[in-house]
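Student: I have a model open and would like to learn how to read its features one by one. Please take me through it.

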Amino acid sequence: MKAKSSILWICLLTVSCLSSFAQVDKSLEQQVDSIFQSFDNDYTPGVAVGFIKDNEWILSKTYGMANLDYQVPVSDSSVFSLASVSKQFTAFGILLLKEQGRLSLEDDIRNYLPLFKDYGTVITIRMLIEHTSGIRSHLSLLGQAGYYPDDVITASTVHDAIYRQESLNFTPDADFSYSNSGYFLLAEIIEKVSGQSFAAFMQKEILTALNMNDSFVMDNYNTIVSNKATSYGLQGDQYATATANYSYYGSTNLYTSLRDLSKWVQNFTQPKIGNTAMFQQLNQQFALKSDESFRYNMGQFHSTWNGLPCIQHSGADAGYRAFLGRFLEQRAAVFIISGNGTLDAQAKAEEVAHLFLKSYYPAKKSKTSVATNTTNEETLTDTYEYATEELNQFEGCYYSKELRTIYSIRLVDEHITVQQRQFGTIQLNTLSEDQFSSTSWQFQTLHFERNDDSEVIGFRINAPRAQGVHFEKIRLNNCH
């Protein structure tokens with residue numbers, strides 16, 4: 001199967017100005033093809049890639065298949081989930097309401113969400129946008145509660161997980177912790193202020209306004225969608241469907257095509273919606289107070305690629321992969337969407353950008369520096385060992401009011417284990433006195449708590465995006 005190319009010339013219309021496609025050098029196009037060669041066949045979930053310079057299409061290419069069952073190839077109208085790249089759309093929606101005078105970024109979120117727990121300190125809309133609210137990420141909490149990737153997650157499920165949180169990861173505005181919860185709450189604020197569903201607001205104010213006719217917010221994963229690309233992952237050495245069974249939004253679930261995503265990108269430099277003040281705010285970077293080198297804002301990370309400042313974000317949900325990177329000084333952007341869970345979209349985007357932007361590199365190239373999405377990870381080293389008979393003191397049943405789940409702590413083959421009905425058994429390794437580590441994605445450390453008589457009465461678990469979730473020891477004959 002040959003790669004499909006949309007390298008065309010488009011004329012300017014009298015009423016509305018359409019972007020033209022600039023002819024790309026043939027050898028350069030062949031180099032792009034080589035980057036995606038392994039996807040360019042009839043049996044691999046595919047990818048769509050675009051590059052824009054000075055508001056002109058330089059490259060629009062597709063490779064591989066949108067659906068393996070029916071042998072449907074990827075096209076520029078194939079619709080994929082943007083996953084976390086959706087966050088910048090949500091942030092833009094908040095800015096639209098701000099420009100209309102309907103909210104301020106420094107407003108207390110409880111002005112709009114009165115049922116949200118009062119933690120004794122103000123959490124602002126800005127903090128949600130910047131991931132500095134301290135609110136635990138709902139995906140971490142759901143994983144700790146036993147949810148699996150195959151489980152259906154609704155907006156109601158996410159709402160409950162966020163609103164049940166007993167405490168915060170840290171004092172608001174004191175640190176950074178990437179939180180999908182924050183962007184879900186931003187969507188709820190948009191609904192409250194606009195009087196519309198989030199999907200309806202985004203459709204009217206952004207997608208329809210930009211003629212993004214393939215695009216929509218997925219608020220019901222059972223919705224029938226024209227040209228939707230299927231999401232795939234590997235099972236062993238075979239591709240299998242990886243269902244994106246999510247019906248929530250704000251942090252994810254904006255679906256779009258390559259041709260539509262280009263309209264979003266072009267709106268940054270030739271706006272159809274928004275104004276100068278909004279775009280300045282979208283492109284502005286804030287520095288984390290505790291780490292001046294870490295920069296994030298408006299659903300986007302600020303980083304440097306080979307000496308060129310880049311505003312970027314990646315996305316991954318089920319088998320969907322996405323990436324969008326914008327280079328302000330070069331008036332350029334690279335973007336990739338795919339239904340292939342094996343794709344490293346950011347790495348491929350860097351390779352494509354290198355082909356088109358290497359002439360702009362500073363004379364002395366600096367090492368690529370990309371902001372990561374996680375902080376506060378603990379250094380895990382084994383420093384303390386228990387005798388087997390000492391481990392018995394930790395055994396028992398523990399309940400988390402926040403997660404509404406029970407963990408069973410059991411000694412198995414001389415190792416402490418955590419057992420839960422849905423995720424099964426996780427083996428723990430000793431870190432230090434009363435502290436243990438795991439290699440699971442649900443949590444990384446577990447710290448037991450004692451009363452004044454040194455009796456174990458509970459523990460707290462920590463993950464990078466959900467710190468200090470509490471479990472209390474309870475009396476049960478059988479934890480399950």
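Student: How many residues join E21 to E22 in their hairpin?

Tutor: First the terms: helices (H or I, at least four residues) and strands (E, at least two) are DSSP runs, numbered from the N terminus. Two strands pair if DSSP finds at least two bridges between them. Here, 3 residues link E21 to E22 in a hairpin. Strand E21 (residues 415-420) pairs with E22 in the antiparallel sense over 4 bridges, and glutamine 420 has glycine 424 in E22 as its bridge partner.

Student: What kind of model is this, and how is it numbered?

Tutor: This is a predicted model, where local features need pLDDT of at least 70, side-chain atom pairs count only at pLDDT 80 or more, and totals for chains, interfaces and linings use all residues. Residues are numbered from 1 along each chain as its sequence is written, and side-chain values use heavy atoms, with hydrogens and water left out.

Student: Which sheet has E22 at an edge?

Tutor: An open sheet of 9 strands, in the order E22-E21-E20-E19-E27-E26-E25-E24-E23, with antiparallel pairing. Its edge strands, E22 (424-427) and E23 (429-432), each pair on one side only. Neighbouring strands in this sheet are turned by 30° against each other on average, direction ignored; axes are lines fitted to C-alpha atoms, for helices over the stretch in contact, and angles run from 0 to 180 degrees between N-to-C directions. Within the sheet, strand E25 (residues 445-450) and strand E26 (residues 456-463) pair in the antiparallel sense over 6 bridges. Leucine 446 stands opposite isoleucine 461 in E26.

Student: Where do side chains point in a strand?

Tutor: In a regular strand they alternate between the two faces of the sheet.

Student: What sits in the turn between E9 and E10?

Tutor: The hairpin of E9 and E10 has 2 residues between the strands, and glycine 236 in the turn has a positive phi of about 70°. Strand E9 (residues 232-235) and strand E10 (residues 238-241) form 4 bridges in the antiparallel sense, with glutamine 235 opposite glutamine 238 in E10.

Student: Which strands stand at the edges of the sheet with E6 and E8?

Tutor: The sheet is open, has 3 strands in the order E6-E12-E8, and pairs antiparallel. Strand E6 (80-81) and strand E8 (216-217) stand at the edges with a single partner strand each, so one side of each is left without a neighbour in the sheet. E6 is joined to strand E12 (residues 254-256) by 2 bridges, and the two run antiparallel. Serine 81 has tyrosine 255 of E12 as its bridge partner.

Student: Is alanine 244 buried or exposed?

Tutor: Buried means under 20% relative accessible area, exposed over 50%, partly exposed in between (1.4 Å probe, protein chains only). Alanine 244 has 13% relative accessibility, so it counts as buried. Its place is in the loop between E10 and strand E11 (246-247). Contact means heavy atoms within 4.5 Å. Not counting residues up to four places away in sequence, alanine 244 touches Tyr221, Tyr255, Ala318 and Tyr320. The C-alpha atoms of alanine 244 and serine 81 are separated by 8.8 Å, although these residues are 163 residues apart along the chain.

Student: How many residues of helix H8 are buried?

Tutor: In H8 (residues 258-266), 7 of the 9 residues are buried, so this helix is largely enclosed by the rest of the structure. Among them are Leu258, Leu261 and Trp264. In helix H5 (residues 155-163), the buried residues include Val158, Ala161 and Ile162. Cover for the buried residues of H5 includes helix H4 (138-144), strand E7 (153-154), helix H6 (180-194) and E11.

Student: At what angle do H2 and H9 pack?

Tutor: Angles under 35 degrees count as roughly parallel, over 145 as roughly antiparallel, 65 to 115 as roughly perpendicular and the rest as oblique. Helix H2 (residues 87-99) and helix H9 (residues 276-283) pack at about 140°, with their axes 11 Å apart. That angle makes H2 oblique to H9. The contact is made by residues including Phe92 and Leu95 of H2 and Met278 and Phe279 of H9.

Student: How many helices and strands does the protein have?

Tutor: It has 10 helices and 27 strands. Of its 480 residues, 56% count as buried.
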